Amino acid sequence: LAGLDAYDRQGGQLAMAMLRDLDGFCAAREYAPAVARLAEVEPRLSLFLHGLSGRALALGAGAFAHTDTETIFLPAQLAALPSAADNRRLYRVTAALLWAQTHYGTFGSARLDIGSALARWADRERALRWFTVLEAVRLEANIGADLPGLAAEIAVLRGPWPDALSNAASRLARSDATVEQ
């Protein structure tokens, strides 16, 4: 019924994203009072992203958070945190980190083809997870230099980095760190 309701209210793309996000749907049912919906935060989030990027970035619903550099895709609903307010903040910081990928050079590097670099590893999925974590460290450091309040909000939601990342974090937090590192 939720998928049909989404289809009636916002169209087929959002409905399909909801249907593909079974984990999110189950979490939203279990934590119904804490759920935040993309449709509810989209107007403010669009303005927030426009302010960060200086151009309109499209927002779309997806089964998982990602970007193609023109559109920020976020789950149709979030219930990962104990309150709806926290889940709305999670939308904002996730969108900010995806914007940071476009702004701080995760994409568009002539020196690094991410897909080819990851293909060298036997366990590509594990390599992608490591790349994602290490790149998040670098992006958060860049955000911290330019937008310290936003970086503080990200850090609160993220919690402390694991101790095992301390050496990498100190190198990736330098202002000259690049995605190639």
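**Exercise 1. The end of helix 5**

Task: Find which residue follows helix 5, and state its phi.

Solution: Step 1. G105 comes after helix 5, and the phi of G105 is positive, near 90°. Before going on, note that this is a predicted model, in which local features need pLDDT of at least 70, side-chain atom pairs count only at pLDDT 80 or more, and totals for chains, interfaces and linings use all residues. Residues are numbered from 1 along each chain as its sequence is written, and side-chain values use heavy atoms, with hydrogens and water left out.

Step 1. For the element numbers, helices (H or I, at least four residues) and strands (E, at least two) are DSSP runs, numbered from the N terminus. The chain holds 9 helices and 5 strands. Their order from the N terminus is α-α-α-β-α-β-β-β-β-α-α-α-α-α.

**Exercise 2. Helix 5 by itself**

Task: Compare the reach of helix 5 with its expected span, then list its buried residues.

Solution: Step 1. The expected span of a helix is 1.5 Å times one less than its number of residues. Helix 5 has 20 residues, and its reach of 28 Å from first C-alpha to last is close to the 28 Å expected.

Step 1. Buried means under 20% relative accessible area, exposed over 50%, and partly exposed in between (1.4 Å probe, protein chains only). In helix 5 the buried residues are A84, N87, L90, Y91, V93, A95, A96, L98, W99, A100 and Q101. Across the chain of 181 residues, 37% are buried.

**Exercise 3. Helix 5 meets helix 8**

Task: Describe how helix 5 and helix 8 cross, and which residues meet.

Solution: Step 1. Two packed helices are described by the angle between their axes and the distance between the axes. Axes are lines fitted to C-alpha atoms, for helices over the stretch in contact, and angles run from 0 to 180 degrees between N-to-C directions. The axes of helix 5 (residues 84-103) and helix 8 (residues 148-158) come within 10 Å, crossing at roughly 120°. Helix 5 is therefore oblique to helix 8; angles under 35 degrees count as roughly parallel, over 145 as roughly antiparallel, 65 to 115 as roughly perpendicular and the rest as oblique.

Step 1. Contact means heavy atoms within 4.5 Å. On the helix 5 side, R89, L90, R92, V93, A96 and L97 meet L150, E153, I154 and L157 of helix 8. These contact residues divide into 7 nonpolar, no polar and 3 charged. Here Ala, Val, Leu, Ile, Met, Phe, Trp, Tyr, Cys and Pro count as nonpolar, Asp, Glu, Lys and Arg as charged, and the others, Gly among them, as polar.

**Exercise 4. Helix 7 and its partners**

Task: Work out what helix 7 packs against, and how helix 7 meets helix 8.

Solution: Step 1. The buried residues of helix 7 include F131, V137, L139 and I143. The buried residues of this helix pack against helix 5, helix 6 (114-119), helix 8 and helix 9 (166-172).

Step 1. The axes of helix 7 and helix 8 come within 6 Å and cross at roughly 140°, so these two helices are oblique to each other. E140, I143, G144 and D146 in helix 7 meet P148, L150, A151, I154, A155 and R158 in helix 8. The residues of this contact are 6 nonpolar, 1 polar and 3 charged.

Step 2. Now look at G144, in helix 7 (residues 124-146). G144 is partly exposed, with a relative accessible area of 26%. Its C-alpha is separated by 9.2 Å from that of A173, 29 residues apart along the chain.
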